Amino acid sequence: MAHPALHHYVLAILLLALSFMATSTSTHNRRGLKSLHFTLYQQETINKTVYLIVKGVTGPDVSPSASPFGSMFVNHDLLTISPNSSSKVVGVAEAVSITCSLDGLTTVVMGKITLELKHYKGSVSVLGTANDIKVIDLPVVGGTGDFMFVQGYIKPSLVTFENPNSVYKIEFHLYWPSYVANHFSHSTDRSSTSNGV
């Protein structure tokens, strides 16, 4: 029969090994998920690709460049691979935004971004709040085609504004859950940290 002290020593090593295995496999970060990161440029022109549908009520302390509270805009903007509007078009951003703050700087955004990239085709849906002067992440809440079950966020930021034209840089940070990534045709590792267009 084995010595009792040896039995406790083996049990301690076994428990330590099991706890190490549990902490190394149950991470709460994005490691281990299939991901895709790239940047596109949204080309927007007032009264051509973006329209004011409802003019809201001007609240207190609204700057001249802000939208009145309750204003509703719709857009159908082209997405290009560079800030130049004549560069290759690889998608379309369609959205509705409603000014939801009295200062006119915050909007609720609901949108669909249709993409035709080199290895990926489909759309991603976004829902969240945007700010006219701060860069804020917009959550990706789903997708279609190769983007089915995708999660992540986009980060829009203004590049240029020359009335009536605006160009926004859109950084995409997309992740597929591990239980889904292996079930699609794009399951071969095409993860990218550069422009995957």
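This is a predicted model: local features need pLDDT of at least 70, side-chain atom pairs count only at pLDDT 80 or more; totals for chains, interfaces and linings use all residues.

Q: Fine. How many helices and strands does the chain have?

A: The chain has 2 helices and 9 strands, taken as DSSP runs numbered from the N terminus (helices are H or I, at least four residues; strands are E, at least two). In sequence order the pattern reads α-β-β-β-β-β-β-β-β-β-α.

Q: How do β5 and β6 run, parallel or antiparallel?

A: Antiparallel, with 11 bridges joining β5 to β6; strands count as paired if DSSP finds at least two bridges between them. The hairpin from β5 to β6 goes through 4 residues, and Glu116 sits opposite Lys121 in β6.

Q: And what about β6 to β7?

A: Those two are antiparallel as well, joined by 5 bridges. A hairpin of 6 residues makes the link, and Ser125 stands opposite Gly142 in β7.

Q: Switching to the inside: which residues touch the most other members of the largest nonpolar core?

A: Ile113, Leu115, Phe147 and Phe172, out of 24 residues in that core. A core here is a set of buried Ala, Val, Leu, Ile, Met, Phe, Trp, Tyr and Cys residues joined through side-chain atoms within 4.5 Å. Buried is under 20% relative accessible area, exposed is over 50%, and partly exposed is in between (1.4 Å probe, protein chains only).

Q: Which strand gives the largest share of this core?

A: β9, with 4 residues.

Q: What is Phe172 in contact with, beyond its neighbours within four places in sequence?

A: Its partners are Leu36, His37, Phe38, Leu40, Ile113, Leu115, Val124, Tyr153 and Ile154, where contact means heavy atoms within 4.5 Å.

Q: What share of the chain is buried?

A: Buried residues are 37% of the 197 in the chain. The chain exposes about 11800 Å², with carbon and sulfur atoms supplying 61% of that; areas come from the Shrake-Rupley method with a 1.4 Å probe, and for residues only the protein chains shown count as cover.

Q: Which residues make the nonpolar surface patch?

A: Ile98, Met110, Leu127 and Val141, covering about 320 Å². Patch residues have over 30% relative accessible area and no salt bridge; like charges are joined within 9 Å and nonpolar side chains (Val, Leu, Ile, Met, Phe, Trp, Tyr) within 5 Å. Ile98 lies in strand β4 and is partly exposed at 31% relative accessibility.

Q: Now the charges. How many salt bridges are there?

A: The count comes to 3, with a salt bridge being a side-chain nitrogen of Lys or Arg within 4 Å of a carboxyl oxygen of Asp or Glu. One of them pairs Glu94 with Lys112 (3.8 Å, N to O). Glu94 is in strand β4 and Lys112 in strand β5, 18 residues apart.

Q: Where do Lys155 and Asp137 lie?

A: Their side chains meet in a salt bridge at 3.4 Å, N to O. Lys155 is in strand β8 (residues 151-162) and Asp137 is in the loop between β6 and β7, so the pair ties together parts 18 residues apart in sequence.

Q: And which residue does Glu171 bridge to?

A: Lys169, with the closest N and O atoms 3.8 Å apart. Glu171 is partly exposed at 21% relative accessible area, and Lys169 is partly exposed at 28%.

Note on methods
Residues are numbered from 1 along each chain as its sequence is written. Side-chain values use heavy atoms; hydrogens and water are left out.
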